[in-house]
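Here's a quick briefing to go with the model you're about to open. Have the viewer ready, and we'll start with a question.

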Amino acid sequence: MSFLTRLGLPQLITPERIRRSEPFAWIIALIGGALIVIAPFLPWAYDDAALDDMSVAFYPSVLQFLAMALGLVIVAGTLLDRLLPPKRLSLAPGWRRGARAAASGALVYLALIMITIALELGGLINIEPGGWLALAGALIAFAGTRLIAPAPEPLFGQFDASAVVEIVAVAVLMGAAFFAVVFALDFDDGGGFVCFVAFVGVAAAVLFRAGVMSWYSGIAARRRPVLVTAAILAAILFPFTQGSSDANLSIATQVIIFAMTALGLNIVVGLAGLLDLGYIAFLGSGAYVAAMLSESAFATIDFHPPFPLVMLISGCVSATLGLIIGSPTLRVSGDYLAIVTLAFGEIFRIAMLNLDGTSGPDLTHGPNGIPAIPDLDPLGYDFGNPPPLFGVLVLPRFANYYFLLLLILLFVVLIVIRLNNSRIGRGWIAIREDEKAAEAMGVNTFGLKLFAFAGGAFLAGLAGSVKAHHDISINPGQYMFLESAFLLSAVVLGGMGTVVGVLVGATLLKLAPEKLRDFAELRLLLFGVLLVVMMRFRPEGLVPNRQRQLEFHEDDEELAEKLDEAETVPAEGARS
């Protein structure tokens with residue numbers, strides 16, 4: 001089904017039109033790709049204030065070089081497809097499919113750049129001829145590739161490489177991902193950040209369409225320990241790429257806190273299928289417990305246990321709140337459960353406002369919150385003013401929190417994966433799919449739902465206990481309903497029921513607002529548009545669970561066959 005058909009528009013490119021145009025369509029695609037390659041050597045913007053300075057001739061900026069790369073992919077893919085036409089059982093990448101994806105992506109990428117230039121400089125008149133030439137080239141390449149008959153799906157995913165090649169491929173992929181993250185964080189311009197993220201999405205689409213990512217997915221399944229080790233090493237090395245700057249490390253620590261909380265919500269929503277709209281209250285309860293037990297001059301409890309014990313107490317308090325809210329409300333479901341949890345989130349916030357010594361006991365200082373929460377100092381190592389590590393290296397404040405949070409995140413991921421693959425996880429999935437059928441099969445539905453609420457709340461409480469010290473101060477305004485909506489969106493956007501998907505969704509939704517401060521008035525609009533587009537074209541999420549992906553594409557027989565093959569291959573390997 002084409003893009004226009006999905007939008008309900010008439011089909012412009014028919015099979016008959018393709019048949020008549022195919023003899024010369026590849027030339028049109030080459031011309032469009034060549035124009036995209038040439039355009040970066042001309043200025044695109046009138047002033048250097050837009051994006052990453054596209055105002056100099058014969059001196060392309062980074063974003064212009066990326067556009068040039070897409071043009072080269074279009075030219076190379078079209079030529080290779082012409083010179084090496086696909087054979088029936090060829091294991092070569094899908095050159096034609098890759099070129100088509102690159103042309104479509106280049107059109108979106110360049111249109112986004114032109115829109116950003118117009119917004120940042122105050123009108124389309126600030127776009128120089130080079131920008132219009134690049135956009136025209138993208139339109140020509142898009143038309144040319146669409147007038148070429150679609151190619152069959154490539155079989156490159158079945159290519160059998162040696163172990164050394166596969167391990168090197170995993171290392172290259174993780175290195176590219178690591179470089180992309182570091183480079184994206186270095187963008188000070190919000191528009192440049194959005195354009196770069198769009199390019200990364202286009203590059204991923206090209207690799208998927210060419211069959212390369214299918215090959216990588218097979219490698220990831222076979223070399224999972226290598227992939228996990230590479231990912232952990234990349235995460236450990238990240239702070240050392242930031243020098244003495246705390247800005248990006250601060251964003252990274254917030255992303256990890258957000259991801260840990262989203263993983264807890266994923267247990268409730270993604271696995272058990274319980275819609276919780278007040279989940280931010282569990283994060284807040286963990287943060288408030290840690291603040292009240294801290295050594296702040298404004299702390300309200302004269303008891304200061306070691307931080308590991310504080311983490312445990314915060315998690316247990318949050319889990320207890322989960323049990324309290326869950327016991328009477330889990331006998332309802334669907335919209336009614338959503339309304340009750342939404343009310344609980346607001347009750348928590350209002351309760352924190354009223355525990356000010358006037359309307360109730362003075363535990364939270366009301367709207368003023370608890371400020372001056374000291375930095376953590378485990379075993380005398382002050383996170384705020386640390387001594388040199390090994391007598392040489394001094395880590396910035398947020399780097400210390402980053403490593404602590406990364407360690408806790410790995411622990412949380414391990415717990416969630418083990419639960420997902422356990423009997424308890426299968427029980428949650430059964431409840432999500434059909435609660436009545438699960439109950440008829442002997443599944444303790446009420447007990448498992450209660451455990452999902454308590455377990456997810458416990459993980460949120462752990463994150464909240466670190467967040468209190470990380471943020472230095474807390475107040476009820478930090479735990480509004482909008483934060484619960486963002487957490488739920490991260491789970492849905494990334495892919496409900498998956499760990500990697502939730503991590504990706506949480507990273508995008510926490511990172512984007514930080515980088516889009518230049519577009520403060522448009523941030524929520526962009527966020528809404530993103531969700532609408534995702535729900536229309538990829539409702540299963542960015543990294544979906546395979547079975548859940550099939551639920552959203554029940555009429556896709558090709559996808560069903562892939563899932564059957566994916567389940568058959570591991571089973572045969574286990575028998576052998």
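Leaving aside its neighbours within four places in sequence, which residues is valine 504 in contact with? The partners are Leu542 and Val543, where contact means heavy atoms within 4.5 Å.

Before the rest, some ground rules. This is a predicted model, so local features need pLDDT of at least 70 and side-chain atom pairs count only at pLDDT 80 or more, while totals for chains, interfaces and linings use all residues. Residues are numbered from 1 along each chain as its sequence is written, and side-chain values use heavy atoms, with hydrogens and water left out.

**Overall fold**

- The protein has 22 helices and 0 strands; helices (H or I, at least four residues) and strands (E, at least two) are DSSP runs, numbered from the N terminus.
- Of the 576 residues, 45% count as buried. Buried means under 20% relative accessible area, exposed means over 50%, and partly exposed is in between (1.4 Å probe, protein chains only).
- Take the contacts between residues at least 6 apart in sequence: 76% of them join residues at least 24 apart.

**Nonpolar cores**

- The largest nonpolar core has 131 residues. Such a core is a set of buried Ala, Val, Leu, Ile, Met, Phe, Trp, Tyr and Cys residues joined through side-chain atoms within 4.5 Å.
- Helix H10 (residues 247-271) gives the most to this core, with 16 residues.
- Back in the largest core, the residues with the most contacts inside it are Trp44, Leu63, Tyr109, Leu110, Ile113, Ile117 and Ile474.

- In H8 (residues 212-222), the buried residues are Val212, Met213, Trp215, Tyr216 and Ile219. Looking down the axis of H8, they fall within an arc of 150 degrees, so they line one face of the helix; the arc is that of the directions from the helix axis to the C-beta atoms.
- The buried residues of H8 pack against helix H6 (163-185) and helix H7 (190-210).
- H15 (residues 423-433) has Gly425, Gly427, Trp428 and Ile431 buried. Down the axis of H15, its buried residues fall within an arc of 160 degrees, so these too line one face of the helix.
- On the face of H15 turned away from its buried side you'll find the exposed residues Arg423 and Arg426.
- H15 packs its buried residues against H10, helix H14 (397-420), helix H16 (435-440) and helix H17 (445-471).

**Cavity and pocket**

- The search turns up 1 cavity of 30 Å³ or more, with a volume of about 30 Å³ for the largest cavity. On a 1 Å grid over the protein atoms alone, a cavity is a set of points where a 1.4 Å probe fits but cannot get out, and a pocket is an open set with protein on both sides within 12 Å along at least five of seven lines; lining residues have an atom within 4 Å of a point. Grid points are joined across faces, edges and corners, and a volume is the space filled by probe spheres set on the points.
- Leu277, Gly278, Ile280, Leu342, Gly345, Glu346, Tyr479, Met480, Phe481 and Ser484 line the largest cavity, and H13 gives the most to that lining, with 3 residues.
- The second largest pocket has a volume of about 400 Å³. Its lining has 21 residues, with Phe307, Asp375, Leu376, Asp377 and His469 lying nearest its centre.
- Helix H12 (residues 307-329) supplies the largest share of that pocket lining, 4 residues.

- Valine 504 lies in helix H19 (residues 499-515) and is partly exposed, with a relative accessible area of 29%. Valine 504 and alanine 259 are 245 residues apart in sequence and 8.5 Å apart in space, C-alpha to C-alpha.
- Glycine 201 lies in H7 and is partly exposed, at 41% relative accessible area.
- Aspartate 53 has a phi near 65 degrees, a positive value in a residue other than glycine; look for aspartate 53 in the loop between helix H2 (15-38) and helix H3 (62-83).
- Alanine 372 has a positive phi too, near 55 degrees, and is found in the loop between H13 and H14.
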